[in-house]
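Please walk through the fold of this model, sheet by sheet, and then look at its aromatic rings and one of its pockets. Give the cut-offs behind each term along the way.

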Amino acid sequence: MIELQGITYSYGRDAAPVLKDVSFQLESGRCAAVLGNNGAGKSTLLKCIDRILRPQSGRVLIDGQDVFTLSNNEMARQVAYVAQNARSSDLSVFDTVLLGRRPYIRWDESAEDRQLVMELLEQLGLEHLMMRSLSHLSGGEAQKVLLARALAQEPRLLLLDEPTSNLDPRNQHEVMQLVRKIAGEKNICVITVLHDLNLAIRYCDRFLFLKDASVYASGGVECMEPDTIEAVYNMHVHTIAYMGIPVIVPFPNVPTGHGKEPE
């Protein structure tokens, strides 16, 4: 389980807080979406969890252990982070994913390490690119490679910052399906920043809405109600179900709080 306790962070001593007293719990095997407008602090929150940024106050606990007490190697076994923008590299796809095994390798990679890499490449449909340089891939392909590298770490917590932003619709759903499946099968926590509310409600089971640097709402699917979405995004929405699939329909030209169906 991961627990955020009162995370507060600002970029500079006199700057206004980007995050203010953010608390949240996520059980193992669950997938949580961090939601909110641009500038709400979503990416900053992931960086605080991953120790890229150190909060001015608050704690991040994984199974009761404060992440700031962990060694770098222990941290790499506990938390894997995939940033928004894929970085160029001349490493091959295979070697890039194999880097995810570094926390477990003492002298040289084992046959088991290589087998795990191959399995991940196959799961993400990347096996045909395994000898290609990461720098020669499209943004979407590179994003999937970095996801595979993170999964190779076999973490207790997987952090994803807009993992579908460079993917076409089919790959968006394939990646989110895989992430949701791995969370359940490996019994790990997944926290992902998403802008697509329909991807969030379809593949995540916990939700954290940020507004004005603070938690506006958090919890299960009951949080994904029109009143909450309208308050956070200042946009009128309806929620419907089609063939058992929840769908959020936006009406940006209708005033919020409008109770009638738009014409």
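Six strands make up an open sheet with mixed pairing, in the order E6-E7-E8-E3-E9-E10. Strands (E, at least two residues) and helices (H or I, at least four) are DSSP runs numbered from the N terminus, and two strands pair if DSSP finds at least two bridges between them. The edges are strand E6 (79-82) and strand E10 (214-219), each of which pairs on one side only. On average, neighbouring strands of this sheet are turned by 15° against each other, direction ignored; axes are lines fitted to C-alpha atoms, for helices over the stretch in contact, and angles run from 0 to 180 degrees between N-to-C directions.

This is a predicted model, in which local features need pLDDT of at least 70 and side-chain atom pairs count only at pLDDT 80 or more, while totals for chains, interfaces and linings use all residues. Residues are numbered from 1 along each chain as its sequence is written, and side-chain values use heavy atoms, with hydrogens and water left out.

Leu159 has Ile191 of E8 opposite. Helix H6 (residues 169-186) packs on the sheet and touches strand E3 (31-35), E7 and E8; contact means heavy atoms within 4.5 Å. The direction of H6 makes about 155° with that of E8. Helix H8 (residues 226-233) lies across E3, strand E9 (206-211) and E10, at about 35° to E9.

The other sheet to follow is an open one of 4 strands, ordered E2-E1-E4-E5 with antiparallel pairing. Its edge strands are strand E2 (19-26) and E5, each pairing on one side only. E1 and E2 are antiparallel and share 5 bridges, and Ile7 has Val22 in E2 as its bridge partner. On to the next pair: strand E1 (residues 2-9) and strand E4 (residues 57-62) also run antiparallel, joined by 5 bridges, with Thr8 partnered by Ser57 in E4. E4 then pairs with strand E5 (residues 65-66) in the antiparallel sense over 2 bridges, where Leu61 has Asp66 as its bridge partner. E4 and E5 form a hairpin with 2 residues between them, and Asp63 in the turn has a positive phi of about 50°. Helix H1 (residues 42-49) lies across E1, E2 and E4, running at about 115° to E1.

How are the rings of Tyr9 and Tyr11 arranged? They form an edge-to-face aromatic pair, with 4.8 Å centre to centre and 85° between the planes. Rings of Phe, Tyr and Trp (its six-membered ring) pair if their centres lie within 6.5 Å; planes under 30 degrees apart count as stacked, over 60 as edge-to-face and the rest as tilted. The count by this rule is 1 aromatic pair. Tyr9 counts as buried because its relative accessibility is 9%, whereas Tyr11, at 47%, is partly exposed; buried means under 20% relative accessible area, exposed over 50%, and partly exposed in between (1.4 Å probe, protein chains only).

The second largest pocket has a volume of about 280 Å³. On a 1 Å grid over the protein atoms alone, a pocket is an open set of points where a 1.4 Å probe fits, with protein on both sides within 12 Å along at least five of seven lines, and lining residues have an atom within 4 Å of a point. Grid points are joined across faces, edges and corners, and a volume is the space filled by probe spheres set on the points. Of its 14 lining residues, the closest to the centre are Leu116, Leu120, Leu151, Ile182 and Lys186. H6 gives the largest share of this lining, 5 residues.
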